[in-house]
Amino acid sequence: MNSPLSTLFLHGGPGLSSIAERDLYGHTLPIHWWDQPRSVVLFARPFGALVEAAEDEIRMLADTTGGPIDLLAHSFGAHLALRLIARVPAHVGKLWLLAPVYDIGDAFVRLATRLLTLSPASEPLLAALAEFKATSDYARFARLAAQVTSFANLFELYWGAGANTRRRWYLDLLARQNLVDPSAFEVIVRDFWADPLPPLEPVAGVQKVQLVFGREDPLIDLDAERHTWMQLFPRAQYVELDTGHFVHLEAPASRWWKSI
């Protein structure tokens, strides 16, 4: 596509990439599949630096297109979207939130619980989960996250039951390319943890919003997450799909990127 791209993709993680999205969709969708810079780990405030990099990216796209930029945010990328709406509302057009995760600590509790159904004898994971449930500070979250991410089959859990082919494609890509940077995850989350979560009150600055969730997403409690994001965006359209966490990699774009 030769026309200017007017939609900015904010991938999840933090520390993930848009490698899978580019591999799957290429140039077939008018979306700027932006890789969030992992170099932010070198800054004193890595999450703050990541927000500034996202602001630079949306300003660049807005200058190129001459108009506001739509945001397509997946998972943790929803928190970048919230910061951009607060910082540069005039540059933000429509907003699609795909499997947004508000409380990353709760998401890892759910992942740990799911892993324990597969490996119930994992004493380190059991201990880390119990400690974090007792006191949800960053140090205990870091121990829980370290245990969760130590499981080689972690990303196999992210998919819906009917996504075997797409899951195998992703795991093969994960084995061959640098889709995930664990160091970036660690330092960005540490900085993010120091900032209070946005209050659960309506967000001003964007009028058209669509929330898209997967019914088989292991990271979220569907009802609770829907309630949270509808508090932030009371007029949002709401869609549920029969997918796991990677709704945009499992379902066709016509299902998760509907006109709003």
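**Entry 1: strand E4 and its neighbours**

I started with the pairing of E4 and strand E5 (residues 209-214), which is parallel and runs over four bridges. I am working on a predicted model, where local features need pLDDT of at least 70, side-chain atom pairs count only at pLDDT 80 or more, and totals for chains, interfaces and linings use all residues. Residues are numbered from 1 along each chain as its sequence is written, and side-chain values use heavy atoms, with hydrogens and water left out.

For my own reference, strands (E, at least two residues) and helices (H or I, at least four) are DSSP runs numbered from the N terminus. Two strands count as paired if DSSP finds at least two bridges between them.

I then looked to strand E3 (residues 69-74), which is joined to E4 in parallel by five bridges. Here Leu 71 stands opposite Leu 95 of E4. I also noted that E3, helix H3 (residues 77-87) and E4 form a right-handed β-α-β unit; right-handed means that, with the strands pointing away from the viewer, the path from the first strand over the helix to the second runs clockwise.

How many residues of strand E4 (residues 92-98) are buried? I found six of its seven, so the strand is mostly covered. Buried means under 20% relative accessible area, exposed over 50%, and partly exposed in between, using a 1.4 Å probe and protein chains only.

**Entry 2: Gln 210**

Which residue of E5 is the bridge partner of Trp 96? I found Gln 210 there. Gln 210 is buried, at a relative accessible area of 1%. I listed what Gln 210 touches, leaving aside residues up to four places away in sequence: Leu 95, Trp 96, Leu 97, Gln 237, Val 239, Trp 256, Lys 258 and Ile 260. A contact here is heavy atoms within 4.5 Å.

**Entry 3: pockets**

Next I turned to open space. On a 1 Å grid over the protein atoms alone, a pocket is an open set of points with protein on both sides within 12 Å along at least five of seven lines, a cavity is a set where a 1.4 Å probe fits but cannot get out, and lining residues have an atom within 4 Å of a point. Points are joined across faces, edges and corners, and a volume is the space filled by probe spheres set on them.

The largest pocket holds about 590 Å³. Its lining has 32 residues, with Phe 108, Thr 149, Leu 154, Val 180 and Phe 185 nearest the centre. Helix H4 (104-118), helix H6 (138-149) and helix H8 (182-194) are the elements giving two or more residues to this lining; H6 has the largest share, with six. By class I get 24 nonpolar, seven polar and one charged. Nonpolar covers Ala, Val, Leu, Ile, Met, Phe, Trp, Tyr, Cys and Pro; charged covers Asp, Glu, Lys and Arg; the others, Gly among them, are polar.

The second largest pocket holds about 180 Å³. Its lining includes Val 209, Phe 233 and Arg 235, and divides into nine nonpolar, two polar and one charged.

**Entry 4: cavities**

I counted two cavities of 30 Å³ or more. Of its 13 lining residues, Leu 16, Ser 17, Glu 21, Tyr 170 and Phe 246 are closest to the centre. Helix H1 (19-25) and helix H10 (247-250) each supply at least two residues of that lining.

The second largest cavity, about 40 Å³, is lined by His 11, Gly 15, Leu 16, Gln 36, Pro 37, Arg 38 and Ile 188.
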